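This report describes a protein model in plain terms, for a reader new to structures. Please look at the sequence and the model before reading on.

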Amino acid sequence: MTPPTGPDENDDARNDGENEAENADDVDPVDRLRRTAAGDAETDPFRVTGVMMQYYVVCKRELWFASRHLEIDRENPAVVRGQRVDDTAYEEERENLSLGMVSLDLLQDGRVVEVKPSSSLEEPATMQLSYYLWYLEEFADAERDGVLVHPTERRRQPVTLDADRRAKVEDTIRGIHEVITSDTPPEATEKPFCSACAYHDFCWC
Ligand code: SF4
């Protein structure tokens, strides 16, 4: 009589690996980010920067390219202009604060300031700043207000992290996770600002 075949140890190992992978997929990306920030996700980190929040709102395809570290066109006039305003505005008053995944500007009155060359893309900039406020609240136990500043237009836009904004930030973190873990970029869809995009040649040439 042939003895019954016991379970193969390799199968067990494979199954354990698959289960772990499945479990990792089941984890809420917001919790993955929290674990990464706490240093508890060395093998499975998930980082979100302020620029990624911006890209997600502006163009998910751009976010995917940036997540693959594709080199941007630094000679692009829009990139150069943004960099120049960012480098020179409020030089005297600015204090740069690096905290984990984010690097932000903190003015002396304690409000978090984000300087942008123009208000034409206000929602992405607001999302970036909201993320900084969320990040400070989550990981530095610091509740702050923010202000978006457009020096060339002499405009200042207050930003507060209320319940709606907090939920929006967390939904955006989940959306970013979905985009950057995809094997392929989202389809290119033409937008008014494509001609000024650093990845223009990847999409339209
Ligand atoms: S060129 Fe347009 S579609 Fe392509 S990444 Fe830039 S904004 Fe997105």
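Two strands count as paired if DSSP finds at least two bridges between them. The model described here is predicted.

## The sheet

Strands of a sheet pair through backbone hydrogen bonds, either parallel or antiparallel. This model has an open sheet of five strands, in the order β1-β2-β3-β4-β5, and the pairing is mixed. At the edges are β1 (96-99) and β5 (155-159), each of which pairs on one side only. From one strand to the next, the twist averages 40°.

## Strand by strand

Strand β2 (residues 102-106) pairs with strand β3 (residues 112-115) in the antiparallel sense, over two bridges. In this pair, Leu106 stands opposite Val112 in β3. On to the next pair: β3 and strand β4 (residues 146-150) run parallel and are joined by four bridges.

The pairing of β4 with β5 is antiparallel and has five bridges. Which residue in β5 is the bridge partner of Leu148? The partner is Gln157. The hairpin of β4 and β5 has four residues between the strands, and in this hairpin Arg154 takes a positive phi near 55°.

## The crossover

How do β3 and β4 relate to helix α6, and what is the handedness of the unit they make? Together, β3, α6 and β4 form a β-α-β unit that is right-handed.

## Helices packed against α7

Two packed helices are described by the angle between their axes and the distance between the axes. Helix α6 (residues 122-139) and α7 have axes that come within 10 Å and cross at roughly 100°. Angles of 65 to 115 degrees count as roughly perpendicular, so α6 is roughly perpendicular to α7. On the α6 side, the residues that meet α7 are Met127, Ser130, Tyr131 and Trp134, and they face Arg165, Arg166, Lys168, Val169 and Thr172 in α7. By class, this contact of α6 with α7 has four nonpolar, two polar and three charged residues.

The axes of helix α2 (residues 29-37) and helix α7 (residues 163-180) come within 8 Å, crossing at roughly 90°. This angle makes α2 roughly perpendicular to α7. Pro29, Val30 and Leu33 of α2 make the contact with Glu170, Ile173, Arg174 and His177 of α7. The residues of the contact of α2 with α7 divide into four nonpolar, one polar and two charged.

## Around the ligand

Which residues surround the ligand? They are Cys59, Arg61, Glu62, Ala188, Lys191, Cys194, Cys197, Tyr199, His200 and Cys203. Sorted by class, the shell around the ligand has six nonpolar residues, one polar residue and three charged residues.

Terms used
Residues are numbered from 1 along each chain as its sequence is written. This is a predicted model: local features need pLDDT of at least 70, side-chain atom pairs count only at pLDDT 80 or more; totals for chains, interfaces and linings use all residues. Axes are lines fitted to C-alpha atoms, for helices over the stretch in contact, and angles run from 0 to 180 degrees between N-to-C directions. Angles under 35 degrees count as roughly parallel, over 145 as roughly antiparallel, 65 to 115 as roughly perpendicular and the rest as oblique. Two residues are in contact if their C-beta atoms, placed from the backbone, lie within 7 Å. Ala, Val, Leu, Ile, Met, Phe, Trp, Tyr, Cys and Pro count as nonpolar, Asp, Glu, Lys and Arg as charged, and the others, Gly among them, as polar. A residue is near a molecule or strand if its C-beta atom, placed from the backbone, lies within 6 Å of it. A crossover is right-handed if, with the strands pointing away from the viewer, the path from the first strand over the helix to the second runs clockwise.
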